[in-house]
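Look at the structure first, then follow the text.

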Amino acid sequence: MKTALTDRLGLSVPLIQAPMAGTSTAELAAAVSNAGALGSIALGAIDAEASRKAIRSVKTLTDRPFNVNLFCHAPIAADPARDAAWIDSLRPIFTEFSAVPPERLNDIYQSFLTDDAKLAVLVEEKPAVVSVHFGLPRVDQIAALKAAGCVLIASATTPEEGRAAVAAGFDMVIAQGVEAGGHRGVFDPADDPRFATLPLTRLLARDLSVPVIAAGGIMDGAGITAALALGAAGAQMGTAFAACPESAADAAYRAALAGADAGRTRVSAAISGRPARGVENAFMRRADETKIAAYPYAYDLGKALNAAAKAKGDNGYAPHWAGQGAPLGRALPAAELVATLESETREAIAGLSALSR
């Protein structure tokens, strides 16, 4: 299957394994890349030196291209009053688990926009692909990554974001629909029309001068084929790979993906402070989102509450990120899953060709 994505990166399958901070691993990324697709690791939640270690870990396992992902959220100053209101709103739940919430919240995820140490690591390590989420890097950062030979991919949740990415010099754009699991890549969470994957993919493929990658709710070859039919150069899939044995998903996460409620996903900002889709849980149902702190300060509290609940054997406050297609998931080794997806896609394309005769 030849597309603009496979041609540019030397892939045999037009598929990107989504980065999935906290879930993706070097082993998962390498297995996907070795199987002919594009594996990914997430650097947004770790510092520069940990990023260097993560990149080098993948390099020891594959000589194929892989993607590293960065968070480009607008840095937000601490707001003690807003943070205190969010802490107080969740204090009764902490009490239920015999725990006390932190008295102050920290900016736990430094934005790439202010992280020149991480930029220096990327320029030195030269990963084949760098993708960004929540926004776009600075002009000088983009220039430095391009000079290092990195292919740049930006997440877009609207046509306007896609156009901004192309204007900034990005090589490809991911059309992230609202069906997608994990955090919405929206630049401004206060202005999110929540485009679905298929219309967003078609709009971007029609209007942009760069390849478009569809993301959101795609779990099998039929979904990949639908994306290709709409003009996409490939698909990005996260939830489909979360259950692979190479991922870092814990037992509770795997159980949620395989359970009866896997189809009950919901977009909520309760856990982290930014809208994200996951299997609906007690945190989403009980939190008063009118009082929520800003991202990533809210995530500092969310992690503390999850730790308190897990210590008492309750997994209802964990971020089990998943897209709307989660019930279609298969817990296969990554290489086997890539091969299965490739076979399914070829069969689906052949089926469409037969119908047109």
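Covering here is contact, meaning heavy atoms within 4.5 Å. Helices (H or I, at least four residues) and strands (E, at least two) are DSSP runs, numbered from the N terminus. The model is predicted, so local features need pLDDT of at least 70, side-chain atom pairs count only at pLDDT 80 or more, and totals for chains, interfaces and linings use all residues. Residues are numbered from 1 along each chain as its sequence is written, and side-chain values use heavy atoms, with hydrogens and water left out.

Which residues of α7 are buried? In this helix, residues 159–167, they are P159, E161, G162 and A165. Buried means under 20% relative accessible area, exposed over 50%, and partly exposed in between (1.4 Å probe, protein chains only). The four lie on the same side of α7 because they cover an arc of only 160 degrees around the axis. The arc is that of the directions from the helix axis to the C-beta atoms. Just after α7, G169 takes a positive phi of about 105 degrees.

Helix α8 has its own buried residues: T197, L200, T201 and L204. Their arc around the axis is only 100 degrees, so they sit on the same side of α8. An α-helix has 3.6 residues a turn, so residues three or four places apart point the same way. The cover over the buried residues of α8 includes β5, α7, β6, β8 (212–215) and α9 (221–229). R206 is also in α8. Is R206 buried or exposed? R206 counts as exposed, because its relative accessibility is 58%. Its C-alpha atom is 37 Å from that of L61, 145 residues apart along the chain.

Now for pairs of helices. Two packed helices are described by the angle between their axes and the distance between the axes. Axes are lines fitted to C-alpha atoms, for helices over the stretch in contact, and angles run from 0 to 180 degrees between N-to-C directions.

| Helix pair | Axes come within | Crossing angle |
|---|---|---|
| α5 (116–125) and α6 (139–147) | 9 Å | roughly 15 degrees |
| α2 (26–34) and α14 (334–355) | 8 Å | roughly 35 degrees |

The α5 and α6 crossing is right-handed. A crossing is left-handed if the near helix is turned anticlockwise from the far one by less than a right angle, and right-handed if clockwise. From α5, D116, L119, L122 and V123 make the contact, and from α6, Q141, A144 and L145. By class, that is five nonpolar, one polar and one charged residues. Ala, Val, Leu, Ile, Met, Phe, Trp, Tyr, Cys and Pro count as nonpolar, Asp, Glu, Lys and Arg as charged, and the others, Gly among them, as polar.

The α2 and α14 crossing is right-handed. L28, A31 and V32 of α2 meet A334, A335 and V338 of α14. This contact has six nonpolar, no polar and no charged residues.

Finally, the backbone. Most residues other than glycine have a negative phi, and most peptide bonds are trans. F134 is not a glycine, yet its phi is positive, about 80 degrees. F134 sits in the loop between β4 (129–133) and α6. It counts as buried, at 2% relative accessibility. The peptide bond from Y295 to P296 is cis, with omega near 0 degrees.
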